[in-house]
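Open the model in your viewer and keep the selection panel at hand.

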Amino acid sequence: MIEKLDKGQEEALYAEPGRPMLVTGPARSGKSFALILRATWLIRQRLLKGKKLLFLTEGLWGMEMATGLLGQFLSVEEQDLVDVMPFNDLFRDAWMRISPDTRVKGLTGVLHRPRFHVGFPKEFYNANKHSVHQEASLTFDRAFHKSPRIGGLSEHAARREFTDILMEWDIRSLDDYLAQPRPALFGTLSDEDKVELWNRVFGPALEATKTRATRRSARDCAAELNLLTELVLAGKKANKDAALWSGRYGAVIVDDAQNLSPSALRFLKALASEGNLVLASNRLETLNQPAATLAECGIDVRGRVFRMDRNHSKASGALQTYARNLVEGQTFTEMDGTPAALPAPVAPSGAMPQERTFADREAMLDAIAAWLKEGYTPKQGFGACVVTRLETAQWPLIQDLGTRGIPCVPNPTDDWVIPLYTQGIEFHTVTGAHIGRMVTILDDWLDAQWDESQEGDPAALRARAQWALQALHATLTRAEKRVLIVSSNGLTVSKLKEEAQ
């Protein structure tokens, strides 16, 4: 098996330990397999100095692959040296270990009993209302009770700003807030607006969050992870339980790290006490904002970036090429700060995606049902996925397809059709699997992650179209055989690209 590795995989496998490293490449380039071999090599060479190895992945399919292969490569005794879990499980366990006096306990190995939990819900920008610390939430309620807009933002947009900018980047002063750039998707905000927001809302809200770290449903629980990072770095100086975190792992390996927030990256760096932090990333597949470079999170991978450019799945060649052409001309940045390389074109070896528009929704649903029934074979794993935009659109879709003889379930199972929505955690976890066929519904995708108060901002208008293209690219690269792109409102990929440009 080692003899079949390509150059990039071999370099990543045998890189000198003791420093952070980054593995990048498009879908199907063998990043996950290289990480599993790296974990095996570190354990076999006894490079962990008596400590354990933490292997993190994003979802169920990654868990099954990691535990399956590590179970083949390692002896029973060696398997005891590995903790394998989805990284959202790690973060959920982390905040659950915080008691009122901030005592922290260690983790339990899960290699022999793989489990999958959603963990923290990843609320995107179009969520109904961002949730923050209870005391901080009262600050928002009081401030916006007197005024519907502060600093040019509605209450929803201000809560989004607080959770995804201030909390994620651990901003604690007005100067830091003024210096922190905002994603283009958020639109523009002047320094005067920032000062007003800070003085009337953000400053008082931050003071409220310092009283005690409790669970929030905002993205990745940044406040809790920031607190845990401080405890881990303090080690024995904090308390004996915190010392278990700082001394437990000799290496931390993370697959699909492009979906991690800044607070999560800082926390994982603190856990990798020996500097053995290995990250795999494909920036072209991430949908999370704001994007963070590793240098901004204190992780130095200079001279330790291993790029993989070989497509190991020729069956998806046509879809890979289509997805590459879809995003060509846009700018993406890898986690090390360099421009992300687009997937190299591969020889088409399957059906190119079909794109169709319909006069009404009923005609579109009839066509989807007929397309899905072609060549259907039951109990074949992920037979097909139907991807729409929001959860509110998912349930009517299940009912409509059900009346047309298409069995849909909202969660990953062995049923042959799985409905997904791009703003849900299931979209990220299930699309990590190899899916035979996929339907993408473009209706209203331009409204994804969109706040109505940003209407008319040219930069934000372009950014939301770019986000939709990026979501479409991430979806296409996971399909193995056939893709159908449909809409009932006249939206096409070409129109989407025009909006983005």
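Select helices H13 and H17: they cross in a left-handed sense. Left-handed means that the near helix is turned anticlockwise from the far one by less than a right angle; clockwise would be right-handed. This is a predicted model, where local features need pLDDT of at least 70, side-chain atom pairs count only at pLDDT 80 or more, and totals for chains, interfaces and linings use all residues. Residues are numbered from 1 along each chain as its sequence is written, and side-chain values use heavy atoms, with hydrogens and water left out.

H13 covers residues 317-327 and H17 residues 458-476. Helices are DSSP runs of H or I, at least four residues; strands are runs of E, at least two; both are numbered from the N terminus. The two helices pack at about 170 degrees, axes 9 Å apart. Axes are lines fitted to C-alpha atoms over the stretch in contact, and angles run from 0 to 180 degrees between N-to-C directions. H13 is therefore roughly antiparallel to H17 (the term applies to angles over 145 degrees).

Now show side chains. On H13, pick Leu-319, Tyr-322, Ala-323, Arg-324, Leu-326 and Val-327; on H17, pick Leu-469, Leu-472, His-473 and Leu-476. These make the contact (heavy atoms within 4.5 Å).

**Next: aromatic rings**

How many aromatic pairs does the structure hold? There are seven. Rings of Phe, Tyr and Trp (its six-membered ring) pair if their centres lie within 6.5 Å; planes under 30 degrees apart are stacked, over 60 edge-to-face, the rest tilted.

Select Phe-140 and Phe-202. Their pair is tilted, 6.3 Å centre to centre with 50 degrees between the planes. Phe-140 sits in H6 (residues 134-146) and Phe-202 in H9 (residues 191-209), so the pair ties together parts 62 residues apart in sequence. Phe-202 is buried, at 0% relative accessible area (buried is under 20%, exposed over 50%, partly exposed in between; 1.4 Å probe, protein chains only).

With Phe-202 it forms an edge-to-face pair: 5.7 Å between centres, 85 degrees between planes. Tyr-177 lies in helix H8 (residues 174-179), 25 residues from Phe-202. Tyr-177 is also buried, at 0%.

**Last stop: a glycine**

Go to Gly-30, in the loop between strand S1 (21-24) and helix H2 (31-44). Gly-30 counts as buried at 18% relative accessibility. Arg-310 is 280 residues away in sequence, yet 8.1 Å away C-alpha to C-alpha. Beyond neighbours within four places in sequence, Gly-30 contacts Gln-9, Met-308 and His-312.

Technical notes
Parallel < 35°, antiparallel > 145°, perpendicular 65-115°, else oblique.
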